[in-house]
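Please consult the sequence and the structure shown here alongside the text.

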Number of protein chains: 2
Amino acid sequence: MASTVAYTPDETDAVPQAEPRFAPLYRQIKSLITKRLQAGDWKPGEPIPSETELASRYKVSQGTVRKAIDELAADNLVVRKQGRGTFVSSHLEVRTQFRFLRLRPDEYGQDDVSDAGAPGGEFQRGAVSSAGRSVQGQVLRSQVLECRRMRAPAEIARVLQLRSGETVVQVRRLLDLEGQPTVLDEIWLPGARFRGLTAERLANYSGPFYALLETEFGTRMIRASERIKAVAAPAEVARVLHLKAGVPLLRVDRVSVTYEDQPVEFRRGWCTTERHHYFNELS
Amino acid sequence: MASTVAYTPDETDAVPQAEPRFAPLYRQIKSLITKRLQAGDWKPGEPIPSETELASRYKVSQGTVRKAIDELAADNLVVRKQGRGTFVSSHLEVRTQFRFLRLRPDEYGQDDVSDAGAPGGEFQRGAVSSAGRSVQGQVLRSQVLECRRMRAPAEIARVLQLRSGETVVQVRRLLDLEGQPTVLDEIWLPGARFRGLTAERLANYSGPFYALLETEFGTRMIRASERIKAVAAPAEVARVLHLKAGVPLLRVDRVSVTYEDQPVEFRRGWCTTERHHYFNELS
DNA sequence: TAGTGGTCTAGACCACCGT
DNA sequence: CGGTGGTCTAGACCACTAA
């Protein structure tokens, strides 16, 4: 294949359409692979074809495929395992399980956490509406309070890029960390994408929320952005968290996106920081 | 040079000592370059030698140097500029100036900020004890309230890895965002490293705090980690921020490190989030 | 042992920048 | 134009994993 010219598909692949022409070859390859992931041709947890296989399939050198996969790995879409292969990443894997949970107990990792090596999260099946598991040394327990379908409030519709009045699923749940009620999450999801999502389905599922969305609804959360404010606890929130109304809480608003930067979740978390803190690395 | 064996220094470079032997060649090269940066042989804003130059100097292929520099660039230690060269990154550069400031006005970037392309921060010299400048579309003004030397409190000494009782510099400053007092920063620095740092020096300097530490004291902040809590504003803090005592504030504790992960700053920021929020990207 | 990702090389050519 | 980083190739060898 010529070096920088537009990629011409061979028989084994879907046509690449609205791509930025004249992108470097490795980006075109990256984009082709991403499309396959998005289409679900290669599923979370499974290996993608080997570098040599992809190289011959796309008629480029292995080095080019390598660079494409390097970026996919940097984007956390894929995980390389030496000697084994390259795997579609999944919220089910221990290493990426609570990738988006930034709340840490205050005692944890006094200095930089650097690598910390999470002690492998073994799952314990919980009672109805709950699941208990260990993550980063802390015991995590999730209890679903509510799951209902409703017409999207204007604000939610805007964020999720829905027409106003379209239906959304609202989930409210309580997170216990070390036995303390710590986070109240209010989650909104596009109704169309998560058709069969019910309170019962959630109750019977033990495991990370995003893992359920991934395995049951084929929607993988890729990336998210958060906005954090300090607020006084509203009465209703305080009640659920067993706190006095008005105590300071972290209000964490999160927009999560799948492939192509499609927003598919809006979440508002109300967090006590009496025994925990929000952790962040700057670089 | 043989492929994976230990690197043997040639005449042009300091001996590599306590390095993890049997690291890949490119990491050894990376480490050699890092040492040069740390030693100040190549200064912030200046170019480092070209890839071909480094390749011949270290007697490795250009590809290997390239991979080393790729990582340095990913670590933000260095910035590549096509056609020009590779430059030691600096807190003076517009693009990295307020790299660590995560507070955004609420209206800014309704959706993902993605790339946003900050509109180039032109500096305006301010009155004594202050500097006004524009960053990411918001007007930022810093006012030094206090700068004194003191014996390190136990907690500070621990974080900065000093012997208890060693002297530290404490700086207190107020950040105005869009004319609103928004953040009160309490900063502790190791006294030994920042010997000539005085209130006057700070007052006469217009520009980012870290840029001053970099240019005047040769200490570059590489990386930081933050812990965030929601707290009720202490009376003293509230007074400075023109708020009522007890209103919810973000308390952001930051530990910043230089090369070799040496901690060199502890900072506690008290932030109102009435008109701003803390922004974070998860991936 | 065969297959995978990881490292290293050498050389070609391109895109961009300043002079 | 010459020099810099950016892309692409082809091939060799290493390290790790699983059968």
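Around DNA strand D there are 23 residues, of which Leu25(A), Thr64(A), Arg66(B), Arg80(B) and Gly83(B) are the closest; a residue is near a strand if one of its heavy atoms lies within 4 Å of it. This is a predicted model, in which local features need pLDDT of at least 70, side-chain atom pairs count only at pLDDT 80 or more, and totals for chains, interfaces and linings use all residues. Residues are numbered from 1 along each chain as its sequence is written, chains are lettered from A and ligands numbered from 1 in the order in which they are written, and side-chain values use heavy atoms, with hydrogens and water left out.

The surface near DNA strand D comprises 5 nonpolar, 11 polar and 7 charged residues. In this classification Ala, Val, Leu, Ile, Met, Phe, Trp, Tyr, Cys and Pro are nonpolar, Asp, Glu, Lys and Arg are charged, and the others, Gly among them, are polar. At least two residues each come from H1 and helix H3 (62-74) of chain A and from helix H2 (51-58), strand E2 (78-81) and strand E3 (85-88) of chain B. Helices (H or I, at least four residues) and strands (E, at least two) are DSSP runs, numbered from the N terminus. Of the atoms of DNA strand D within 4 Å of the protein, 84% belong to sugar or phosphate.

DNA strand C has 22 residues around it, and Arg66(A), Arg80(A), Leu25(B), Thr64(B) and Gln82(B) come nearest. Its surrounding surface divides into 5 nonpolar, 10 polar and 7 charged residues.

The table lists polar contacts, meaning pairs of N or O atoms within 3.5 Å.

| Protein atom | DNA atom | Distance |
|---|---|---|
| Thr64(A), polar side-chain atom | phosphate oxygen, DNA strand D | 2.4 Å |
| Arg80(B), polar side-chain atom | phosphate oxygen, DNA strand D | 2.8 Å |
| Tyr26(B), polar side-chain atom | phosphate oxygen, DNA strand C | 2.9 Å |
| Ser61(B), polar backbone atom | phosphate oxygen, DNA strand C | 2.9 Å |

Chain B is superposed on chain A by a rotation of 180 degrees with 0.0 Å of shift along its axis (RMSD 0.0 Å), by least squares on the C-alpha atoms of residues with pLDDT of at least 70 in both. This is the relation of a two-fold axis. Since 100% of the interface residues of chain B are also interface residues in chain A, the copies meet through the same surface.

How values were computed: Contact means heavy atoms within 4.5 Å. A polar contact is a pair of N or O atoms within 3.5 Å; within protein, one must be able to donate a hydrogen and the other to accept it, and residues adjacent in sequence count only if both atoms are side-chain atoms.
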